[in-house]
Amino acid sequence: MRTFPIGGIHPSDNKEWSKDKAIETLELPSEVYIPMIQHIGAPSTPIVKKGDKVLTGQLIGQSVGFVSANIHASVSGTVTSVDAYPNGQGQRRIMVVIKREGDEWVESIDRSTELKRECTLTSEQIIAKVKDAGIVGLGGAQFPTHVKLSVPNDQKAEVLIINGVECEPYLTSDYRNMIERAELILTGVEILMRAINVNRAVIGVENNKPDAIAHLRDIIAKNNYRGIEVMPLKVRYPQGGEKQLIAAVTGRQVPPPPALPISVGAVVCNISTAIAVYEAVQKNKPLIERVVTITGKELKSTHNYLARFGTPVHELFELAGIPEGDVKLLNGGPMMGRAIVDVSAPLIKGCSGLTVLSGKEAARGKELQCIKCAKCVEACPMGLEPYLLSKLAKLQKWDMAEAHNTADCIECGCCSYTCPSYLPLLDYIRIGKQTVMTNIRARAAAANKK
Amino acid sequence: MQTRLFASPSPHIHGGEKTQHIMGDVVLALVPALAVSTYVLGWRVLMITAISIASCVLFEYLIQRFLLKGRTTIGDLSAVVTGLLLAFNLPAGIPWWIVVIGALVAIGIGKMTFGGLGCNPFNPALTGRIFLLVAYPVQMTDWTTGVPDALSGSTFLANVKAGALSLGEVDYVALLSGHMNGSMGEIGALALLLGGVYLLWRRVISWHIPVAVLGTMMVFSLCVAIPDGGAMLWQMPLFHVLAGGAMLGAIFMATDYATSPMTHKGMIIYGVGIGLLTMIIRLWGAYPEGMSFAIFIMNAVTPLINKYCRPKRFGTKK
């Protein structure tokens, strides 16, 4: 069975806590906070103001430039404020606050549940619809999908890879989608194949989800989805990393940055993104909701909710019953998720799950000295030397960190996870990476000026 | 009680492996060899080992507590491993006070001078052993506490080198089982191999260094044996990997994390270097055994190896 070539770890997946919970529709919140930045790229411009009436699915944030994404109202009601509010990490971001009044949708959106499979649109038309709908990568990176689908003229896509790996421990939203909404995924994949003009798509799913693999294969055979293959992958974190998944599926390695996946002929989209694409193209429905897992060992109940963006996360936490004492709330899973410090913050596009860890589970061990065991080197899926990069960042040797390819780091956390001395390797590497990236951009800008 | 939120960057979980566990595994892997040694050489083995471990731990504690006035790290068990390995490099009949001096050199000079665990350029136990070998050559090569019916007072390696014993007369069963003279931990190749297999299974070490060291020694001795004719073709390689400190060195001393390279490619180069140097010293040097010097020299080369043997960067050819 295939997997990616170097590094990786095997954390216990803890999926059993929420994997059998069917998708429930979350009750609509009385108020939503919709950030104007829920994507990589330029923040969108709010086009509504206080007192405006909006409908569900109405455009409220206009994308700025190519790498950016539209933002839509997730409920209908009155805009009560357009101002800066804290996001999950406590950073203040421009948000549109809507007080909900009923749930009236924009008329052009087709809300019927029947599957609409036939698509005769051209590539350009599909991409335009995806862009209008504000779709971004729902696996967590939030990269605008229309940018990915716009293959440059001098390059050619050969294969569409659909990421159904969900290698993050705990999270089960992609899994539930594969089990419950397979037809939507597969129709979305057909549309994506049309958009990038390929006749082969591979859905990569880790082998710890055999029922999802079997179900997808079953639907493919029954409903005659052509050119779509489900590939079981050996369980190994971080297989869901874009470069790792491409290597696992095709055997080809994307060259170091700034090369993109398309340089090896691959375009990668998440399972949940495929559903969003289906809904946008066939039903005119913009991206206003998603399936989100709320899970953790100590919760009173775990769920997979279909929730509207902008819902304050404390509403979800209250439904699940947060335990007392020290807890860590994560936007995402325990390996790459970000700690939430403000529970009034809204649910955003890239949030595939909210994980709750007890103080004990998330405790950091006492830092000892590096014993040069090389376990971080062995675990690094990018072929880097985490012990060295961490030290160079600590010493602020930015040039040396750059020479040792710190910009390649995908921040998967395998190094910190394996370190027997409990060194916060990734904390330092991240600082080094950010500084080096800033330096690289500054040099490029200076070169452009000349 | 209230719910309190706390935050830190990802990752938020840890694999659970600790330095302490790794050191504990090494100690456990050395137990079979200690048992063989005690059985063959007598109870004095346990006493010397206990003295060595106790002195190493005590010196580490005293230096950290009173000289450096910092946190003590004896809980990570690395001093226990150093003590155990130092004892394994000594003859069973050695006076107790020499062991204490060896421990002081190993921990004080070999380890703490450079900043403690992970910072030492040379294997601390080897530093202690080499110091003692130079300072107390007589006591360090006195094997009289050894096996009663073996060739008196000398190791197989020394006897073969001196021409007192031909390779054809060597008792290979004794080499494997440990019924021979030698340092406390180097006899009993089978017991050491068992420990090595345990360390491999626990992923404490990888196969690269031991295989490179022992493989190089076998290939090298085979090449040397070829001109001498067919009779020694199989004895020579077998003898050299089983006799002396080859097994102990290849599996336990050369694989010391701090002093060995970080990448697999580097480990192979390092292992081949140790194998070559050991054979050169054994065959043409002044000492019958060259393992400790070979490891020591290659320890010094490790930073250079690390500089040139980097891991393969994802997405590149080489």
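These are my notes on a predicted model with chains A and B.

**Sheet in chain A.** I started with an open sheet of 4 strands in chain A, ordered β11-β10-β9-β12 and paired in parallel. Which strands stand at the edges? I found β11 (228-233) and β12 (266-270) of chain A there; each has a single partner strand, so one side of each is left without a neighbour in the sheet. Neighbouring strands are turned against each other by 25° on average, direction ignored.

I then looked at one pairing inside this sheet. Strand β9 (159-163) of chain A runs parallel to β10 (201-206) of chain A, with 4 bridges between them. I noted I162(A) and its bridge partner I203(A) in β10(A). Helix α7 (271-283) of chain A packs on the sheet, where it touches β9 and β12 of chain A. I read about 85° between the directions of α7 and β12(A).

**Core.** The largest nonpolar core holds 225 residues. Among those with the most contacts inside it I listed L160(A), I161(A), A274(A) and V277(A). I followed up V277(A): leaving out residues up to four places away in sequence, V277(A) touches V130(A), I135(A), T145(A), G188(A), I191(A) and L192(A).

**Where B meets A.** I got 36 residues of chain B in contact with 54 residues of chain A. The largest share, 3 residues, comes from β1(B). By class I have 15 nonpolar, 14 polar and 7 charged residues on that side of chain B.

What does β1(B) pair with in chain A? I found strand β15 (325-331) of chain A, joined to β1(B) by 3 bridges and running parallel. One bridge I checked has T3(B) as the partner of G325(A).

Definitions and conventions
Residues numbered from 1 in each chain as written. Chains lettered and ligands numbered in written order. Predicted model: local features only at pLDDT ≥ 70, side-chain atom pairs only at ≥ 80, totals over all residues. Core = buried A, V, L, I, M, F, W, Y, C linked by C-beta atoms within 7 Å. Buried ≥ 20, exposed ≤ 12 C-beta atoms within 10 Å, placed from the backbone. Contact = placed C-beta atoms within 7 Å. Helix = DSSP H or I, 4+ residues; strand = E, 2+ residues; numbered from the N terminus. Nonpolar A, V, L, I, M, F, W, Y, C, P; charged D, E, K, R; others polar. Pairing = 2+ DSSP bridges. Axes fitted to C-alpha atoms, helices over the stretch in contact; angles between N-to-C directions.
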